[in-house]
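Take a look at the sequence and the model first.

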Amino acid sequence: FLRKAKKGATDFYPELYRANADGTDVQWLASFNQPNSPRLSPDGSRIRFIEATDYHVVDVGTDGSNPHVLRMAGHKHVFGGTFSPDGKFYFFNCWDGDRFSLWVVSEERSQGRNSAPVPKQLTFGPMSTGAATLSKDGKQIYAMGVEHRGELSVYDREVGKFVPYLGGISVSYVDFSRDGQWIAYVSYPEGTLWRSRIDGREKRQLTVPPMAVMNPRWSPDGKLIAFMDLANDDREQMEDVSARRVYVVSAEGGSPMLMLGSEPRLGDPTWSPDGNSI
């Protein structure tokens, strides 16, 4: 199990412990860089977990010995994980920047030290798939599928409640032009920037992946839209502390122009009243 240990004045990080089933004989095993989702191998010889800061898969003996990283070839962000009942396979989740998918790797290959094991992808969307559990005979996999969706709504004062707007399309981060004739929004969960008339006519897509758009803002003259890009050319690496960029794009379309970049906390661009500054 994991228990939080104090590493500084305000920071707490989980460390790996073991104990009897009744909670007695608690033993510290090892300190790691934020271990997550520990799983005991079926033969009881080792513990596997995900190192949350680098998303590495780590094996360690149940006595805390021989900790080592299992390199999953071609995978940067690994989450969760569970063994098959016979211990021959390990199932885990991967994040590709748009959704979680379910993968499997042979334990015979993963225990080799000369080369990284090559996992096999099992699900391909459109839903995110994860939290896998195997049947007792190991022949079936049960997993949770999640399809993210938003709903664009507007508050109707006459009826006193929110009602769907533009058909309740799945979007986020909405901004209206100053003249009230146009709307800019970000499709959810795709993260692409669109604009249209307020009645939905003349809809146009303004960005494409790997950009992941947030906080679009119309210029005062309605010709440009400033926005923040979270992806920095790699959606798999999007995190709260990732570098962010600020772009401007014409409301008529075209290539977005980079205004500010390579800073981790850039965001929420807002125009000056005369439209000459952001």
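A residue is called buried if it has under 20% relative accessible area, exposed if over 50%, and partly exposed in between (1.4 Å probe, protein chains only). With that cut-off, 38% of the chain's 278 residues count as buried. Keep in mind that this is a predicted model: local features need pLDDT of at least 70, side-chain atom pairs count only at pLDDT 80 or more, and totals for chains, interfaces and linings use all residues. Residues are numbered from 1 along each chain as its sequence is written, and side-chain values use heavy atoms, with hydrogens and water left out.

Now the fold. Four of the strands form an open sheet in the order E16-E17-E18-E19, with antiparallel pairing; two strands pair if DSSP finds at least two bridges between them. Strands E16 and E19 sit at the edges with a single partner strand each, so one side of each has no neighbour in the sheet. Between E17 and E18 there are five bridges, and Tyr 185 has Trp 194 in E18 as its bridge partner.

What about the nonpolar cores? Such a core is a set of buried Ala, Val, Leu, Ile, Met, Phe, Trp, Tyr and Cys residues joined through side-chain atoms within 4.5 Å. The largest one has 13 residues, and Leu 193, Trp 218, Ile 225, Phe 227 and Val 249 touch the most other members.

| Strand | Residues |
|---|---|
| E17 | 182-187 |
| E20 | 213-218 |
| E21 | 224-229 |
| E22 | 244-250 |

E17 gives the most to this core, with three residues. Apart from this core lies another, of 10 residues, including Val 57, Phe 83, Phe 92 and Cys 94.

Finally, zoom in on Thr 62. Where is Thr 62 found? Its place is the loop between strand E6 (56-61) and strand E7 (68-70). Is Thr 62 buried or exposed? Thr 62 is buried, because its relative accessible area is 17%. Leaving aside neighbours within four places in sequence, Thr 62 is in contact (heavy atoms within 4.5 Å) with Arg 18, Leu 29, Leu 40, Gly 44, Ser 45, Arg 46 and Ile 47.

Notes
Helix = DSSP H or I, 4+ residues; strand = E, 2+ residues; numbered from the N terminus.
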